[in-house]
2 protein chains.
Amino acid sequence: MSAEAELPLSKVEQEEGAIFAPRFSADGLVTAVVTDVADNHVLMVAHMNREALQLTLDTGIAHYWSRSRKALWKKGETSGNMQQVQEIRVDCDQDALWLRVSVQGDGVTCHTNRRSCFYRAVTGSGATTALVPAQD
Amino acid sequence: MSAEAELPLSKVEQEEGAIFAPRFSADGLVTAVVTDVADNHVLMVAHMNREALQLTLDTGIAHYWSRSRKALWKKGETSGNMQQVQEIRVDCDQDALWLRVSVQGDGVTCHTNRRSCFYRAVTGSGATTALVPAQD
């Protein structure tokens with residue numbers, strides 16, 4: 001069974017309807033923002049193809065498509081930091097997903113061994129732009 | 001002046017360094033996750049080209065690239081709901097940005113007149129998948 005409707009929806013159906021019909025890009029992917037359900041901290045941005053989304057819906061564990069490895073990716077399968085999906089939201093035009101997750105294991109999401117992939121903030125502008133450690 | 005370094009960085013420099021060198025995709029865009037700085041609620045997912053990012057850094061007001069209109073987009077310019085950028089974070093491989101913003105005006109981000117574009121949650125799986133209003 002497919003997770004999504006196959007027919008194109010009208011703009012009203014897409015934005016206000018109850019049919020989940022994610023719009024995959026030309027390369028077959030939809031963007032997924034992943035946050036900690038406890039505090040909405042952004043942990044990572046990833047991509048899902050249709051199969052990854054279906055596996056996520058079927059298992060409750062987040063699966064993605066690794067663009068670098070060109071392979072399905074059960075996030076945390078090796079490290080133990082799998083993502084238990086508490087809620088999936090979709091945006092108005094259904095081309096982006098928001099996954100609210102609980103991270104298992106030691107709570108690390110980034111391959112650099114940090115909680116979040118977003119561990120640096122931009123300071124300054126122009127020629128003085130630089131990155132500094134984010135505060136939380 | 002450019003906001004970003006022009007030379008490719010090593011993996012260590014990209015992930016651990018202080019040089020802001022966002023990696024634009026083949027179509028010249030980088031993904032931006034936009035959250036409310038007050039509570040990290042995800043408001044929208046958008047895209048920036050180099051010019052939009054530069055304008056954002058220079059003005060402190062979020063600018064994007066509208067893929068549908070193929071034009072620079074000063075978010076909220078018409079509605080008054082402009083986004084004052086409090087912080088920009090970048091992820092480990094510098095191909096995604098996290099903008100933490102304060103929304104001006106009446107606090108609406110979505111063109112459907114809602115606070116966030118993510119106003120629906122996915123329920124069920126398989127043939128029973130449907131969208132319901134999100135709880136907050």
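Helix 2 of chain B is followed by G60(B), a residue whose phi is positive, near 80°; helices here are DSSP runs of H or I with at least four residues, strands are runs of E with at least two, and both are numbered from the N terminus. This is a predicted model, in which local features need pLDDT of at least 70 and side-chain atom pairs count only at pLDDT 80 or more, while totals for chains, interfaces and linings use all residues. Residues are numbered from 1 along each chain as its sequence is written, chains are lettered from A and ligands numbered from 1 in the order in which they are written, and side-chain values use heavy atoms, with hydrogens and water left out.

The helix itself spans residues 50-59, and its buried residues are A52(B), L53(B), Q54(B), T56(B) and L57(B), where buried means under 20% relative accessible area, exposed means over 50%, and partly exposed lies in between, computed with a 1.4 Å probe on protein chains only. What covers these buried residues includes strand 7 of chain A, together with strands 2 (42-48), 3 (63-66), 4 (71-74), 5 (83-90) and 6 (96-103) of chain B.

V34(B) is buried, with a relative accessible area of 0%, and, leaving aside neighbours within four places in sequence, V34(B) is in contact with H41(B), V42(B), L43(B), M44(B), Y64(B), Q83(B), L99(B) and V101(B); contact means heavy atoms within 4.5 Å. V34(B) and A62(B) are 28 residues apart in sequence, and their C-alpha atoms are 9.5 Å apart in space.

How are the two chains related? A rotation of 180°, with 0.0 Å of shift along its axis, superposes chain B on chain A with an RMSD of 0.0 Å, the superposition being made by least squares on the C-alpha atoms of residues with pLDDT of at least 70 in both copies. The two copies are therefore related as by a two-fold rotation axis, and in chain B the C-alpha nearest that axis is that of N40(B), 2.7 Å away from it. Because 100% of the interface residues of chain B are also interface residues in chain A, the copies meet through the same surface.

Residues of both chains also line the second largest pocket, namely T56(A), L57(A), G60(A), V85(A), Q86(A), E87(A), I88(A), A121(B), V122(B), T123(B) and G124(B). The elements that give two or more residues to this lining are helix 2 (50-59) and strand 5 (83-90) of chain A, together with strand 7 (120-123) of chain B, and strand 5 of chain A gives the most, with 4 residues. By class, the lining has 5 nonpolar, 5 polar and 1 charged residues; Ala, Val, Leu, Ile, Met, Phe, Trp, Tyr, Cys and Pro count as nonpolar, Asp, Glu, Lys and Arg as charged, and the others, Gly among them, as polar. On a 1 Å grid over the protein atoms alone, a pocket is an open set of points with protein on both sides within 12 Å along at least five of seven lines, and lining residues have an atom within 4 Å of a point.

The UniProt record, in an unreviewed entry, places the feature "binding site" at C92(A), C110(A) and C117(A), and such annotations may be inferred rather than shown by experiment. These positions are spread over 26 residues of sequence and are also spread in space, up to 28.3 Å between C-alpha atoms. C92(A) is in the loop between strand 5 and strand 6 of chain A, and C92(A) is buried, with a relative accessible area of 7%. Not counting residues up to four places away in sequence, C92(A) touches, among others, C110(B) and C117(B). C117(A) lies in the loop between strand 6 and strand 7 of chain A, is buried at a relative accessible area of 9%, and has contacts that include C110(A) and C92(B), with neighbours within four places in sequence left aside.

For "binding site" the unreviewed UniProt entry also lists D91(A), D93(A) and D95(A).

Key: On a 1 Å grid over the protein atoms alone, a cavity is a set of points where a 1.4 Å probe fits but cannot get out, and a pocket is an open set with protein on both sides within 12 Å along at least five of seven lines; lining residues have an atom within 4 Å of a point.
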